[in-house]
Structures are given as C-alpha cells and as structure tokens.
Amino acid sequence: MASEKQLVAVTCTAPVNIAVIKYWGKRDEDLILPINSSLSVTLHQDQLKTTTTAAISKDFTEDRIWLNGREEDVGQPRLQACLREIRRLARKRRSAGDEDPLPLSLSYKVHIASVNNFPTAAGLASSAAGYACLAYALARVYGVESDLSEVARRGSGSACRSLYGGFVEWQMGERADGKDSIARQVAPESHWPELRVLILVVSAEKKLMGSTAGMQTSVETSSLLRFRAESVVPARMAEMTRCVQERDFQGFGQLTMKDSNQFHATCLDTFPPISYLSDTSRRIVQLVHRFNAHHGQTKVAYTFDAGPNAVVFALDDTVPEFVAAVRQCFPPELNGDKFLKGLPVRPVPLSEELKAALDVDPTPGGVKYIIATQVGPGPQILDDRQAHLLGPDGLPKPAA
C-alpha cells in the first residue's frame, strides 16, 4: 500500500467471465436480483482483465472516477450503489469494534481509475470485470472483509461471478433483500487444465441495445423468458455443474450451445424483438455444427452473450484445427499476423475432407481477430507501486 501525504491506494485486477448458463432478467431492478441462477467460466487475466486503482485521502474534495483515461460521471446510480454499500460495510465493521489497521476516516473521498485491456461495451462482459475490480479495490482500501457479491452485483449483476476464478455459480436467492443472491465457486481454475476458450471478435463497436434495457423489455414481454427461468434453468444448473465436475466436454459443450440458443430465442420472443447476433455470428454457429458433425462428436461449443462476438470452448488438442477452420471461413483481410492474440496456437493444415464438410463461401474479414485464452483465477492485488494508475497526487498518471 502506498502512503504519501496520507494517500492510501490499492490496485487490483479482475477477470472477465462468460456465462454458460445465462442470466437474463431481474426480479428487482434496484438490488439487481436475477430471475434465474447462472453459471460462468472465469477467463484468464493474461488475456482479458480490468485493472483498477482506488485511492483515498483527506485531501480529496470529491469522489472522482476515470475509465480508460477519461473522467466519467461519478454520480452514475450503479457506481453510487457500490460506493454506498462498501462504506456501509466499513462503518458496520468499525462499529463492531474491530481494531482498524488503516489510519483512515470513512469520510475520505475516493479517486478511482480503471482500464480494460480489451474493447469496452462490445459484449465482452467489460462491466462484470469492471465492477468486480471496483468492489475488490474499494473493499481493500476501506478495510472491508465480507463477501463482496452484493457490492459487485449492485454495479453489474454478472460482476459477482468475476469475484472468483474457475467455474462460478450465481445463486439467484429467494430473499427480498437479496442477501442470499451470491456467487460461489463450483470448481477452481486448476480443475480442468485442458479447457481452452477462443473469443471470435466480430465487432468491437458498441452494441445497439444495452443489456440493461434489453433485459427489462424481455421480463415485461417474453413468456418464453418466464418459462425458461422457472422450468428450464434449474435442471440445467444441476446438469452443468455435473459436466464441469466430471470434466465431461460433450455434455458441457452441448448444454452451453443449447443455453446460448435459448437465451437468444428469448430475445427474439421479446417485443419488439431484440437481436444481438449478426450474420457473421450465425455463420460461426453453422461452422461449429459442421465441424462437430465432421468429427462425429462435440469438439467445439459456442456461446454468445448480448453481442455478436462468439466465445468458443474446446479442449487444447482441438484448438489448432478449429482455428484453421475459422481462418478458412473468415480469411483475415490484412492483419494475418495479428489475427490470433493471446495463447500461441500452432498452425496446422486443414484436411480436404474437413474443408469439404465446412462447405462455406469464405467471408473475408468477418472475424476481426481471435483471442485465445483459458480458465483463470479471480481478482488479484498488485503490490508493486509502479502498477498504480493514480499518482501520489491522486490523479491519473500520464499514459506511458
């Protein structure tokens, strides 16, 4: 922890998570309580992460926040909800008479700086990583040690799942106050070392309809959504948990695809309908099914959140061939060498049989690039003072 001029600063990183059993729809908009439980995979921070520095000082006159270098409105209701919750927990701990090691007052204002190493608002769960990171950093700087599910959830529902590594369940809970709507780890990141994740970035633009507005409309108008929450998801949660625990890729992959398809069906059942998938997204779906049919088993599985980018799961020995298939169907336009980011993937030739089975007219540039990653850990504290995004004056350091 840095302490210059009474400045206390903490920097941490938090991961992106991808739901394989989807959360869509809230039963309480204020507390962000979901109408169904969900289950996600935490992605590795070497490839995708948010880094956040939170600093408090008696010299600060107001709360301030910077995202990716730009100052943003600190009065955003969700940000305020997180701050209020953390300060409430800190007060509660203080009044419980704990000896507080930090020489700070709860009245100190906070400065927050946050950066993502991936496109924001393109449907890559940036808000989940962002609010998990915020909750984690604020908890450290204010000396809060309780379960942070509620703090992160108040910022972005799926953020509570980014508080853990590996495979994470967000239990919808039943209480009206949301105290039992929390995240818990189903299996650690070391549990399934062969599992790989490929993010096929179709578009890095901001999506047309944000998740919050989309969800609200679905809850109000989609009878399929209600049926899904009550009659389909509970059994799927149990089945997905089994697939993860037994490392059953066939079961995991099929259920992941079915749940993604059903989520997008509820979006179409919303009125007016919402469509997050693009033509390229649908071509990727077709590619995955043809790839699997050629092999006679589920070797790869797609899932799409509220955006056009595909997240594909595969075991490590399948990745080189599938990446070659993606290159075949979506030839990179210019940046062939930058097409693949993240974990290295050795190039392999496609067999003529597989080329014939894919049977596609190539769509050059349809996939902008691929991020290859794996399952990773939960939030991490960075002890190195050099890592702080805020300088000793509490303002963002100039970009290097």
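How many disulfides does the structure hold? I looked this up and the structure holds 0 disulfides, a disulfide being a pair of cysteine sulfur atoms within 2.5 Å.

**Ground rules.** I am working on a predicted model, in which local features need pLDDT of at least 70 and side-chain atom pairs count only at pLDDT 80 or more, while totals for chains, interfaces and linings use all residues. Residues are numbered from 1 along each chain as its sequence is written, and side-chain values use heavy atoms, with hydrogens and water left out.

**Cysteines.** I checked the accessibility of C243 and C329. C243 is buried at a relative accessible area of 0%, and C329 is buried at 3%. Buried means under 20% relative accessible area, exposed over 50%, and partly exposed in between (1.4 Å probe, protein chains only).

**α5 and α6.** I took the helices from DSSP runs numbered from the N terminus (H or I, at least four residues, for helices; E, at least two, for strands). Helix α5 covers residues 223-245 and helix α6 residues 249-269; they pack at an angle of about 165°, with axes 11 Å apart. The axes are lines fitted to C-alpha atoms, for helices over the stretch in contact, and the angles run from 0 to 180 degrees between N-to-C directions. α5 and α6 are therefore roughly antiparallel. Angles under 35 degrees count as roughly parallel, over 145 as roughly antiparallel, 65 to 115 as roughly perpendicular, and the rest as oblique.

α5 passes α6 in a left-handed crossing. A crossing is left-handed if the near helix is turned anticlockwise from the far one by less than a right angle, and right-handed if clockwise. I listed the contact (heavy atoms within 4.5 Å). From α5 come S223, L224, L225, R228, V232, R236, E239, M240, C243 and V244, and from α6 come G251, F252, L255, T256, K258, D259, Q262, A265, T266 and D269. By class, the residues of this contact are 9 nonpolar, 5 polar and 6 charged. For the classes, Ala, Val, Leu, Ile, Met, Phe, Trp, Tyr, Cys and Pro count as nonpolar, Asp, Glu, Lys and Arg as charged, and the others, Gly among them, as polar.

**F263.** I then looked at F263, found in helix α6. F263 is buried, with a relative accessible area of 2%. Not counting residues up to four places away in sequence, F263 touches K22, W24, F304, D305 and A306. F263 and W24 are 239 residues apart in sequence, and their C-alpha atoms are 7.6 Å apart in space.

Which peptide bond did I find to be cis? The bond from F271 to P272 is cis, with omega near -5°. P272 sits in the loop between α6 and α7 (279-295).

**α7 and α8.** α7 and helix α8 (residues 319-329) pack at an angle of about 130°, with axes 11 Å apart. That makes α7 oblique to α8. α7 passes α8 in a right-handed crossing. I found L287, V288, F291 and H295 of α7 meeting E321, F322, A325, V326 and C329 of α8. The residues of this contact divide into 7 nonpolar, 1 polar and 1 charged.

Is α8 enclosed or open to the outside? Of its 11 residues, 8 are buried, so α8 is largely enclosed by the rest of the structure. The buried residues of α8 are V319, P320, F322, V323, A324, A325, V326 and C329.

**α1 and α2.** Helix α1 (residues 77-95) and helix α2 (residues 126-142) pack at an angle of about 30°, with axes 10 Å apart. That makes α1 roughly parallel to α2. α1 passes α2 in a right-handed crossing. R78, L79, C82, L83, I86, R87 and A90 of α1 make the contact with Y131, L134, A135, L138, A139 and Y142 of α2. I count this contact by class as 11 nonpolar, no polar and 2 charged residues.

**T52.** T52 has its place in strand β7 (residues 49-57) and is buried at 1% relative accessible area. Leaving out residues up to four places away in sequence, T52 touches V10, T11, C12, I112, A113, S114, C133, L134, A137 and L389.

**Positive phi.** I noted I32, not a glycine, with a positive phi of about 55°. I32 lies in the loop between β4 (26-28) and β5 (33-34) and counts as buried at 1% relative accessibility. D359, also not a glycine, has a positive phi of about 45°. D359 lies in the loop between α9 (352-358) and β17 (369-374) and is exposed, with a relative accessible area of 54%.
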